[in-house]
Amino acid sequence: MSGPIRQGHWHKSRRSILRIGAAMAGGAVLGPAAGAAEMENSPPGEPDWTKAIGAGVVDRPYGRPAEFEKDVIRRNVPWLTATPESSVSFTPLQSLDGIITPNGLFFERYHAGRADVDPHQHRLLIHGLVERPLVLTMDDIMRFPSVSRIHFIECPANGGMEWREAQLNSLQFTHGMLSCAEWTGVKLSTLLDEVGLKKEAKWVMVEGADAARMNRSLPLEKCLDDCLVVYGQNGEALRPEQGYPLRLLVPGWEGNVSVKWLRRIKIGDEPWFSREETSKYTELMPDGKARGFTWVNEAKSVITSPCPEKPVAAPGLYEVRGLAWSGHGKVKAVDVSFDGGVNWHSAQLQEPILSKALTRFTIPWRWDGQPALLESRVVDETGYVQPTIAELRKVRGKNPIYHNNSIQTWQIKPDGKVFDVQLG
Ligand SMILES: Nc1nc2c(c(=O)[nH]1)N[C@H]1C(S)=C(S)[C@@H](COP(=O)(O)O)O[C@H]1N2
Ligand SMILES: [Mo]
């Protein structure tokens with residue numbers, strides 16, 4: 001929406017409010033406009049919603065999106081998993097602006113359903129190779145020095161259904177296991193300071209309070225670097241879906257290590273491999289060997305507009321928009337191609353450009369109505385360049401599930417429809 005149009009609306013509704021005020025003072029009854037056709041709600045007509053006073057404050061004590069936004073929701077792929085309790089829902093990236101995912105649209109991934117935890121009964125146990133084991137209440141945790149940081153979470157299975165071929169004609173389903181929020185909580189290093197690490201300490205096991213008792217082993221180095229134990233999500237308490245009242249946030253690393261409903265942190269001198277204290281995700285390589293400890297989400301980007309859900313209408317000027325991110329740090333540059341990677345043009349990065357957070361990019365594009373192949377390619381601050389799917393397959397084969405960070409190609413057809421395709 002351009003500035004001048006918004007300006008016009010503002011002036012118009014202000015005038016209307018004044019008029020209604022005068023009518024009220026004169027004792028006029030305000031009924032629904034007789035036979036108000038849709039056209040009458042557009043200029044030069046007077047919109048219906050200017051003709052009656054609206055709902056007052058706390059009509060909705062907790063606000064919600066406009067009725068017209070009812071299709072902006074999380075969705076799942078029913079055939080993907082056997083049950084909804086061990087499944088995933090996807091963020092509607094095609095409908096979002098900016099870098100922050102609204103809390104009600106944050107993607108969900110459960111191994112044994114959502115745990116609905118009573119914060120008053122919830123405790124965090126920190127034990128193992130420590131001087132002073134601790135059991136902390138939520139009140140205790142909230143008294144520690146706090147930080148707020150913006151970070152994405154991406155499930156390493158994001159894009160996993162596209163390893164063999166392009167099969168999901170949807171941005172929501174190809175990339176929606178990705179969300180980004182401002183998290184508030186305590187640095188894990190602060191809590192580990194409090195318990196006092198023994199000198200043999202090298203590994204940290206984190207465990208959730210869900211029926212899966214999901215747990216992961218993490219190297220102590222990462223825990224002391226930038227891990228957070230968070231209770232805040234975009235200014236309010238974590239949502240139950242995101243691990244209320246407490247979760248671990250491991251910036252830039254595959255989503256599964258950000259254990260939700262965090263109840264236990266155990267310090268050890270090696271990773272845990274037993275049944276109860278499993279360690280990591282692995283995947284099979286073409287040579288039959290397993291690849292493990294692949295924690296970092298390598299740099300990735302995607303064009304969010306246009307996309308299969310948001311086709312182009314008619315030839316003319318568009319702003320191509322997208323998101324880029326890297327588990328290693330900041331986004332350095334994003335290039336966009338309109339011809340399937342033959343020519344590249346540098347996109348504009350939008351502030352803020354934060355480490356291990358989503359970064360917006362935009363670039364103008366004049367569509368001439370001809371077929372086009374839109375792609376984006378990110379370079380992160382380490383110099384790493386996002387690969388094509390063909391390059392990734394050369395190294396990893398066609399069988400993996402995890403860590404598909406390849407360049408996404410959107411094919412634009414002459415009618416403006418957009419399709420998920422793979423080149424070469
Ligand atoms: N306790 C617990 N933590 C968990 C999970 C889980 O099933 N149980 N799923 C993990 C996986 S696989 C991912 S990708 C992220 C997803 O976080 P989100 O549901 O907040 O999007 O949570 C992780 N933390
Ligand atoms: Mo995940």
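Trainee: Let's start with Glu375. Which residue stands opposite Glu375 in E22?

Mentor: That's Thr409. Keep in mind that this model is predicted. Along E22 there's also Ile412, which stands opposite Ala372.

Trainee: What makes strand E21 and strand E22 a pair?

Mentor: Count the bridges. The cut-off for pairing is at least two bridges. Strand E21 (residues 372-380) and strand E22 (residues 409-412) have 4, so they pass. They run in the antiparallel sense.

Trainee: And how do you know that E22 pairs with strand E23?

Mentor: E22 and E23 (residues 418-421) are joined by 4 bridges and run antiparallel, so they meet the cut-off of at least two. In one of the bridges, Trp410 has Asp420 of E23 as its partner. The hairpin of E22 and E23 has 5 residues between the strands, and Gly416 takes a positive phi near 90° there.

Trainee: In the open sheet of 5 strands, what is the order?

Mentor: Read across, the order is E18-E17-E21-E22-E23, with antiparallel pairing. E18 (345-346) and E23 are at the edges because each has a single partner strand, which leaves one side of each without a neighbour in the sheet.

Trainee: On to the ligand. What makes Lys260 a polar contact of ligand 1?

Mentor: The cut-off is a pair of N or O atoms within 3.5 Å. A polar side-chain atom of Lys260 lies 2.4 Å from an oxygen atom of ligand 1, so the pair qualifies. Arg247 qualifies through a polar side-chain atom at 2.8 Å from a ligand oxygen. Arg109 does it with a backbone N or O atom, 3.0 Å from an oxygen atom of ligand 1.

Trainee: How much of ligand 1 does the protein bury?

Mentor: Taken alone, ligand 1 exposes 540 Å², and the protein buries 100% of that. Ligand 1 also sits in the largest cavity. Around it are 20 residues, with Phe107, His111, Asp210, Arg247 and Lys260 the closest. By class, that shell has 8 nonpolar, 6 polar and 6 charged residues. Strand E2 (residues 108-110) gives the most to the shell, with 3 residues.

Trainee: What makes the phi of Arg213 worth a look?

Mentor: Most residues other than glycine have a negative phi. Arg213 isn't glycine, yet its phi is positive, near 40°. You'll find Arg213 in the loop between strand E7 (203-208) and strand E8 (215-219). His403 also has a positive phi, near 55°, and lies in the loop between helix H6 (389-396) and E22.

Trainee: Last one: which peptide bond at Tyr244 is cis?

Mentor: The one from Tyr244 to Pro245, with omega near 5°. Pro245 lies in the loop between strand E10 (236-237) and strand E11 (247-249). Glu351 and Pro352 are joined by a cis bond too, with omega about -5°. Most peptide bonds are trans.

Conventions:
Residues numbered from 1 in each chain as written. Chains lettered and ligands numbered in written order. Predicted model: local features only at pLDDT ≥ 70, side-chain atom pairs only at ≥ 80, totals over all residues. Heavy atoms only, no water. Near = heavy atom within 4 Å. Polar contact = N/O pair within 3.5 Å; in protein donor to acceptor, adjacent residues only side chain to side chain. Areas by Shrake-Rupley, 256 points an atom, 1.4 Å probe, with all protein chains shown as cover. 1 Å grid on protein atoms, 1.4 Å probe; cavity = no way out; pocket = protein on both sides within 12 Å on 5 of 7 lines; lining within 4 Å. Sits in = over half its atoms within 2 Å of the grid points. Helix = DSSP H or I, 4+ residues; strand = E, 2+ residues; numbered from the N terminus. Nonpolar A, V, L, I, M, F, W, Y, C, P; charged D, E, K, R; others polar.
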